[in-house]
Amino acid sequence: MSVVRFAGKACRVAKWGLLLLFFSSSFAYANSPPNAKQSNVTVVLSERSGLYEEFGDTLGRLLSSAKISYQIIDASQPIPDSGLLIGVGIKAATALAGSDAPAVLNVLITKTSHEKLLHDFPGRTAPPGMSAIYLNQSVERQVELVTAILPGKHNIGILYTHVTKELDEMHQEVKEHSLKLQEQKVDQSQTLPEALQELLLGRSEMLLALPDAEIYNDSTIRNILLATYRRGIPLIGYSAGYVKAGALCAVFSTPNQIAAQTAKLIVKFNGTHILPPPEYPQEFEVKVNTQVAASLGLQVKDAATLHDEIEQALKDIP
Amino acid sequence: MKPFGIEKQVLLVTLIPIVLMTILLSNYFIFSRYADLEDALVERSQLLVKQLASSSEYAVFSNNGELLQQEVDSVMTQQDVNRVMVLDASLKPVIEKSRPELARGESYLRSANESKPVYEDSNVLVLYKTIVATQVKLNELDFGNNVNSGPAKSLGAVIIEFSKRTQIRKKHQILALTLALTFMILAAAIALALWAARKITRPILEMSQVLKRFGDGDLDIRVLMQSNIPELRLLSSGFNLMANKLQNHQQILENTVAERTSALLASEQEYRTLIENTPDTIARYDKDCRRIYINPAFIALSRSGANELLGKRPTEYPGGTNSEIYETKIQEVFSTGTNVLFELRWLGTGGKEICSHIQLTAERDLSGNIVSVLGVGHDITELNETRIELQRKELAKSRFLAAAGHDLRQPLAAANLFIDALKLTALSEKQNLLISRLDQAMTNFNGLLSALLDVSKLDGGMIKPEYTFVPIVDLFSWIDQTFTPATNKKQLRLKLHFPMKGALAIRTDIGLLKSVLMNLISNSIKFTAKGGILVSARRRGDQLLFQVWDTGIGISNEHINNIFDEFYQINNPQRDRTQGLGLGLYIAKRSLALFDGNIRCHSIVGQGTVFEFHLSCTDLLNEVQPTGAVLLLDPNAQIEFVRGKNIVVVEDDLLVAEALCGVLESMGANVKIFTSAEEALSVASSEPADFFIVDYMLGGKLNGMGFLKEISQTLNKPVKGIIVSGDTSTAFAREMNNSDWSVMHKPVNVSQIITRLSERYGWQR
C-alpha cells in the first residue's frame with residue numbers, strides 16, 4: 001500500500017515537474033515580443049547565477065526593447081543548430097564551439113580563452129564562424145591606465161607563466177610609451193613567492209596583473225598584495241575584485257556594458273548575418289582604492305578623471 | 001558485634017549523608033575544575049596554534065625567515081609553550097624553536113592531523129595546524145582556467161608542543177584548596193552533629209537511667225526533663241504519669257496481698273481447728289515413713305504423748321504386725337503414687353480393739369514428686385458392730401421366710417394332694433360336699449399363706465423380678481381360662497380386649513403379673529353382682545395400658561385413697577377371713593412397683609370401678625419363647641397322658657410323696673417313690689421310667705437337680721422329668737434358669753404337674 005502511495009506520489013511529482021517545465025519554457029517564449037521576428041537568438045549562460053544571470057537579464061531586456069526574439073538557456077541544455085548563439089562565459093563558449101550552431105558570439109571570455117577555442121576548434125574560423133566580445137581590456141587601455149595613475153613611474157613588473165600574445169602586445173605597447181617591463185616567469189624552477197620576491201627586490205615600481213589563474217587567484221592574491229605592500233609597490237588589477245581586495249586601481253568593463261555592446265552586435269548581425277571579428281569591450285570603468293593609495297603614500301587622480309584621460313588618450317591614437 | 005548506643009547511632013545517621021554529600025560535591029568540584037582546566041588548555045592551545053598558522057602565513061609564503069622568527073618568538077613567550085615548529089609546503093621544517101630544558105626532542109611528523117592532538121600525555125600536548133592561504137574573492141567572472149575551485153592550497157604547517165606544567169600546578173592548587181575546604185566542612189558538620197546528638201540523646205540516656213532505677217524498684221523516682229524538644233518532654237511526662245499509675249497499682253496490689261494473706265491465715269486457722277478437733281486421726285509421713293505431723297485425735301487414740309509418736313515409724317511405735325502392714329502400705333503409696341484404702345485393727349487405750357478405716361493419700365510438690373503421705377484414720381468400730389448385727393438379723397429373717405416358705409407349704413401341699421386323691425375315690429354325696437368345703441378352705445388358707453409370705457418377702461426386699469417375654473395372647477388365654485368359671489357362676493359377662501395384630505409381648509415377671517391380675521380380677525368378680533368384667537390391654541406408644549373394668553358396687557371417695565394400704569378392707573369390720581386379709585391391692589401395688597408399673601383406681605359408687613397400670617411392651621421376636629404354661633389340660637386328657645406311664649417320684653417328705661403317688665396311681669400310672677436321691681439312683685437306673693418328679697431339696701448329698709443329672713449320665717440319655725421346689729428365692733430361680741428340666745414351685749397340684757410334663761415332652765406313647 002505504501003508502495004502504491006509512493007508510486008502515486010512519484011507520479012504526482014513527475015506531473016508537477018512536467019507542468020513546471022511547460023510553464024518555464026512557455027515563460028521563456030513569453031519573454032519574446034508577440035510581433036517578434038523569427039526566434040534566432042539563443043543566449044547560452046555558463047551558469048544561471050551571479051553575474052552571468054545578470055548579464056542574461058540585461059541582454060534580454062535590451063533585445064526585447066530592440067524587438068528581437070531570443071531565448072536564454074544554460075550550457076547543459078540542448079543547443080539549437082540555427083540562428084545566432086551567444087555563449088556567455090567560457091563554459092558556454094566551449095559547449096557552443098563543439099556544437100552544430102552556425103554562428104557563435106562569445107562574451108565574458110578573455111582573448112586568450114577565445115583564441116584557445118579557435119585553436120581547439122579550427123572549423124569555427126570559417127564564416128559565419130565564431131566571434132567574441134572579450135572580457136579583458138586591451139593592452140593599450142591598461143598601459144594608458146598605468147601612465148595616467150602613476151605618471152613618472154616607468155618600470156612595470158609583470159609575472160607570467162606562459163608567453164602569450166597579450167604579453168607580446170604588452171612589450172610593444174610599453175615600448176611605445178617609453179616604459180620598461182620587468183618580467184619574472186613563474187615555473188618549476190621559480191615558484192610564485194620566489195618570482196614575486198625576485199620581482200619586488202628588482203626595479204619594478206608597480207606590479208601589473210595580467211589574467212593568469214596560475215599566478216593570480218583567490219589563494220595567492222592576499223600574499224601577493226601583502227608582499228607588494230611591504231615593498232611599497234602598488235598592484236594594478238584588471239577587475240573590480242582586485243580593487244576591493246587591495247589593488248591600487250583597475251580598468252574593466254561591467255557585464256552591463258558588455259551586454260549593451262552585445263545587443264548592438266546582435267542587431268547588426270540580424271541585418272548582415274555576418275559576425276564581426278572579435279573585439280575588446282567598448283565601454284569601460286576605472287576604479288581606484290583611495291585607501292590603498294593613501295597607505296602607499298601615493299597621490300592619485302580620481303576614477304572619473306582617469307577614465308576620461310584614458311578615453312582621451314585612446315581617441316588620440318590614430 | 002556490640003550494638004551502637006543511641007548517641008553513636010544518631011551521630012552516624014546525621015554524619016553519613018553529610019560526609020557522603022561533601023565527598024561527592026568536592027569530587028564533582030575537583031573533576032569539573034580539572035575538566036575546565038583541560039578544556040581551557042586545549043582551547044588556548046588551539047587558539048595559539050591557529051593564530052600562529054595564520055600569522056606565519058605570509059612569512060612562510062614569502063619564505064621570510066626573519067618574519068617567521070618574530071612570529072615564533074612571540075609564541076615562545078607563552079610560559080607553557082615548550083616547542084614550536086614551522087614547516088613549509090613540503091613539510092620540511094623551516095624553523096624550530098624549543099626550550100632546551102623541556103623539549104622532548106620528537107619531531108611529531110609521523111601523524112599530522114588537525115582534528116585531534118598529534119600527541120598528548122600527562123605532561124605535554126602537541127597540536128598541529130596547516131597554514132592555508134587566506135582566500136580573497138577576486139572575480140566572479142572567469143578570466144582564464146579556473147583554479148579557484150578545489151581545496152585551498154596548503155602553504156605549510158605549524159606544530160606547537162604545550163607543557164601541562166601550569167595546568168598540573170593549578171590542579172594541585174585546586175585539589176589542596178578543595179581538600180582543605182572539605183575537611184573544614186566535615187569538621188564543622190561533625191561538631192554540629194555531635195552537639196545535636198548530645199542534645200537529643202542526653203535526655204534519653206538520663207531517662208533510661210531513671211527507667212533502670214525504676215525497674216530496680218525505686219518507684220519514687222521521676223524524670224526531671226530540661227530538654228527543649230517537645231517530643232522528649234512529652235515522653236518524660238508520659239513516663240512520670242506511667243510511674244504514678246504503676247506506683248498506685250503497686251499500692252493496691254500490696255493491699256490486696258495483705259487482705260488475701262489475712263484471709264488465708266483465717267482460713268488456715270479454721271482448717272487447723274477442724275483438723276485438731278476432728279475425731280479422725282491424721283498423720284503425715286515422710287519418705288522414711290516417719291511421722292512428721294499428728295493431730296490431737298491421733299495422740300488421744302494412742303496411749304502415748306506426741307513426743308513418742310513424732311519422728312517414729314509405725315514399726316518403731318507402736319510396732320506389731322498391723323504396724324508392719326501400715327508401713328508397707330505407706331511405702332506402696334510412695335512407690336506407686338496411687339491412694340490406698342484399707343481397714344486396720346488396733347489395740348486402743350484400755351485394751352479395746354479399734355477398727356479403723358484408713359486412707360493414705362500421696363502429697364506432691366509443684367513438680368509432681370511425692371514428698372509425703374497423709375494418713376487419715378476413721379474409727380469404724382461401732383459401725384462394724386452395727387453392720388454385723390444387721391447382717392445377723394437379716395439372716396434370721398431369711399431363715400424364717402425360707403422355713404415358712406418350705407415348712408408351711410410342705411404339709412399344705414400334702415393336704416392338697418390328699419384332697420385330690422380323695423376326690424378320685426368313691427365318695428358319698430355328703431363326703432363330696434365336705435371335700436369341696438375342705439378344698440375351698442384349703443384354697444383360702446393357701447391364698448392367705450401366699451399373701452402373707454408375699455408381703456413379708458416384699459417387705460424384706462427379697463423379691464426380685466425375673467423378666468421374661470410374655471405374649472399378650474397367652475396372658476389373656478390364661479385370664480379367660482382362669483376366670484370364666486367364676487364369672488359364669490355369678491352370671492357375669494367376662495370380656496377381654498387386647499391387640500390381636502402381631503405377636504405383641506410384654507417383658508415382665510409373669511408370676512408377679514399373674515398375681516396382680518389375679519388380685520384385681522378376683523376383686524372385681526367379688527364386688528360385682530350383675531353386669532360384667534372387662535379386662536383390656538391397649539397400646540399406648542411402647543407401653544401397654546392394662547385396665548380391669550367392672551360394673552360393681554364401686555368405691556367411695558373416702559376410701560379410694562386407702563384401698564392400697566395394708567390390711568385395708570371396706571365393709572368388713574368383722575374381719576371375715578373368707579373375704580381375704582385385705583392384702584391383695586397392697587401386694588398388687590408393691591409388685592407393680594417392682595417393675596415401675598404404677599397402679600391407679602377410678603370409681604363411681606354404684607356404677608363400677610376401673611384399675612389400671614402401664615407396662616412396657618415390645619413386638620415379640622420369633623426366638624423369644626413364652627415361659628410358663630398357662631393352659632391346663634382338661635382332666636380326661638390328663639388321665640390319658642398319665643395312664644400306663646412309669647413315674648418315679650423322689651420326695652423326702654413322705655406325706656407329699658404318698659399324696660402325689662395316690663393321685664397318679666388313681667389316674668392309671670405306675671408310680672415308684674424314693675425318699676432320697678441315692679436310693680432312687682440305685683433302683684431307677686436299672687428300671688426305665690417315663691417321667692421323674694423330683695423335689696429339689698432332698699435329705700441326702702444330692703439335690704433334685706443333681707439327681708437328674710446323675711441319672712442322665714448313668715442311663716447315658718437325657719431323662720424326662722420335673723423339679724418341684726418350695727424354695728422361691730432368687731438365687732434358686734437363677735440356678736434353675738440353666739436347668740434342662742422344668743421347675744415348679746410348691747404348692748402345686750397334680751393337674752399342673754401333668755400339664756407341664758405334657759407341654760414339655762408332648763404326647764408320646
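**Figure 1. Two helices of chain B in a left-handed crossing.** Helices α15(B) and α20(B) cross with left-handed geometry, a term used when the near helix is turned anticlockwise from the far one by less than a right angle, with clockwise giving right-handed. Helices (H or I, at least four residues) and strands (E, at least two) are DSSP runs, numbered from the N terminus. α15 covers residues 635–642 of chain B and α20 covers residues 750–761 of chain B; they pack at about 65° with axes 10 Å apart. Axes here are lines fitted to C-alpha atoms, for helices over the stretch in contact, and angles run from 0 to 180 degrees between N-to-C directions. From α15(B), B:Gln638, B:Phe641 and B:Val642 meet B:Ser751, B:Ile754 and B:Ser758 of α20(B); contact requires C-beta atoms, placed from the backbone, within 7 Å. By class, these residues comprise three nonpolar, three polar and no charged. Nonpolar means Ala, Val, Leu, Ile, Met, Phe, Trp, Tyr, Cys and Pro, charged means Asp, Glu, Lys and Arg, and the others, Gly among them, are polar.

A note for reading all the views: this is a predicted model, where local features need pLDDT of at least 70, side-chain atom pairs count only at pLDDT 80 or more, and totals for chains, interfaces and linings use all residues. Residues are numbered from 1 along each chain as its sequence is written, while chains are lettered from A and ligands numbered from 1 in the order in which they are written.

**Figure 2. The five-stranded open sheet of chain A.** The strand order is β2-β1-β3-β4-β5 in chain A, with parallel pairing; strands pair if DSSP finds at least two bridges between them. At the edges stand β2 (70–74) and β5 (130–134) of chain A, each with a single partner strand, so one side of each has no neighbour in the sheet. Neighbouring strands are turned by 20° against each other on average, direction ignored. Look for β4 (residues 103–109) of chain A, which is joined to β5(A) by five bridges in the parallel sense. There, A:Val104 is opposite A:Met130 of β5(A).

**Figure 3. Helices lying across the chain A sheet.** Helix α2 (residues 50–65) of chain A lies across β1 (41–45), β2, β3 (84–88) and β4 of chain A, at about 165° to β1(A). Helix α3 (residues 89–97) of chain A lies across β1, β3, β4 and β5 of chain A, at about 160° to β4(A).

**Figure 4. Two loop residues of chain B with positive phi.** B:Leu91 has a phi of about 60° although it is not a glycine, and sits in the loop between β1 (81–88) and β2 (93–98) of chain B. B:Cys289, also not a glycine, has a phi of about 65° and lies in the loop between β6 (281–285) and β7 (291–294) of chain B. B:Leu91 is partly exposed, with 13 other C-beta atoms within 10 Å, whereas B:Cys289 is buried, with 20. Buried means 20 or more other C-beta atoms within 10 Å of a residue's own, exposed 12 or fewer, and partly exposed in between, with C-beta atoms placed from the backbone.

**Figure 5. Helix α12 of chain B.** The 17 residues of α12 (residues 510–526) of chain B should span 24 Å at 1.5 Å a residue, and the end C-alpha atoms are 23 Å apart, which agrees. The expected span is 1.5 Å times one less than the number of residues. Buried residues of α12(B) include B:Leu513, B:Val516, B:Leu517 and B:Leu520.

Note on methods. Two residues are in contact if their C-beta atoms, placed from the backbone, lie within 7 Å.
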